[in-house]
Amino acid sequence: MNTIQTLADKTSQAGADESNLDGINIAYSQTRVHTPNSQLLKENRIISGFTPGPWLEAYRMLRTRCLQSMDAMEWKTLAITSTSGKTGNSLTAANLAISIAMELDRTALLVDANFLNPAIAKLFGIQTDTGLSDYLLHDKEISSMLINPGIDRLVVLPAGKPLFNSTEMLRSPKMVRLVNELKSRYPSRAIIFDMPPILSHDDTLGFSPYVDCVLLVVEEGRTKSDELKHAASLLKDINVLGTVFNKSTDHTIPFHD
Ligand SMILES: Nc1ncnc2c1ncn2[C@@H]1O[C@H](COP(=O)(O)OP(=O)(O)O)[C@@H](O)[C@H]1O
Ligand SMILES: [Mg+2]
């Protein structure tokens with residue numbers, strides 16, 4: 001399995017395009033634009049709040065490795081998960097999506113599919129209470145809930161209201177149809193799903209057959225090897241793109257296999 005390393009950050013915290021597909025109206029011309037607060041981005045470790053350096057480079061490396069593997073297989077959809085909470089799953093998803101959007105010929109859609117502990121809107125300082133769950137429950141138009149977080153070529157779909165039957169909703173024909181529509185529409189777009197930890201909730205395992213591939217985030221000094229083995233065994237029939245060795249304190253090795 002490929003391993004890509006992202007560093008431990010200690011510096012902070014202490015286009016108009018339209019489609020109407022089978023009722024899924026995705027009109028980027030009406031996407032709400034959020035004005036980011038650069039101090040908040042930095043506090044939240046979002047790379048667009050940082051100047052160039054090793055912190056950004058690690059995510060650029062992660063992006064290039066992911067896109068090379070995904071392009072080779074013509075994969076567009078990537079779910080990001082971890083073995084347990086607080087590993088850096090959501091931050092990896094956000095920073096990877098931003099790095100992809102930094103490529104001038106790519107666009108990225110970042111979907112918060114963690115209804116248990118949604119984080120993506122908060123990371124960017126976006127105030128909203130609607131998102132994916134409102135589409136799944138109430139047929140709310142996806143286009144009306146997409147937000148540009150002030151970064152070119154990146155669009156965010158927040159999680160929305162809590163879902164008590166999230167596993168069933170994520171596996172529903174409606175969700176599967178949405179994923180397929182999103183990925184078939186724009187060839188240059190990567191779609192990143194921020195998921196709950198795979199060992200603590202069955203949402204991720206239930207949903208992973210509907211994405212092209214999965215990236216597993218592990219944390220230096222915290223993720224146990226038997227947890228990692230367990231996660232790998234659960235994902236044995238899924239395309240696992242690799243692992244992200246997050247919060248690495250070794251700043252000398254940019255990446256390794
Ligand atoms: N590489 C990193 N270096 C330093 N802190 C990190 C790193 N990755 C994540 N964190 C911090 O760890 C905490 C948990 O991250 P988060 O992405 O919310 O985890 P998860 O989604 O796995 O629960 C956050 O405070 C986040 O800023
Ligand atoms: Mg999270």
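Me: Is Asp139 buried or exposed?
Reply: This is a predicted model, where local features need pLDDT of at least 70, side-chain atom pairs count only at pLDDT 80 or more, and totals for chains, interfaces and linings use all residues. Residues are numbered from 1 along each chain as its sequence is written, chains are lettered from A and ligands numbered from 1 in the order in which they are written, and side-chain values use heavy atoms, with hydrogens and water left out. Buried means under 20% relative accessible area, exposed over 50%, and partly exposed in between (1.4 Å probe, protein chains only). Asp139 has a relative accessible area of 54%, so Asp139 is exposed.

Me: Which residue forms a salt bridge with Asp139?
Reply: A salt bridge puts a side-chain nitrogen of Lys or Arg within 4 Å of a carboxyl oxygen of Asp or Glu. For Asp139, the closest N and O atoms are 2.5 Å apart. The partner is Lys174.

Me: Which helix holds Lys174?
Reply: Helices are DSSP runs (H or I, at least four residues), numbered from the N terminus. Asp139 lies in the loop between α5 and β7 (147-148), so the pair ties together parts that are 35 residues apart in sequence. Lys174 lies in α7 (residues 173-185).

Me: How many residues apart in sequence are the parts tied together by Arg63 and Glu103?
Reply: Their side chains form a salt bridge (3.3 Å, N to O). Arg63 lies in helix α2 (residues 54-73) and Glu103 in the loop between α3 and β6 (107-112). So the parts tied together are apart by 40 residues.

Me: How many residues of α3 are buried?
Reply: The helix α3 has 14 residues. It is largely enclosed by the rest of the structure, because the number buried is 13.

Me: Which element supplies the largest share of the lining of the largest pocket?
Reply: The largest share is three residues, from α3.

Conventions:
Helices (H or I, at least four residues) and strands (E, at least two) are DSSP runs, numbered from the N terminus.
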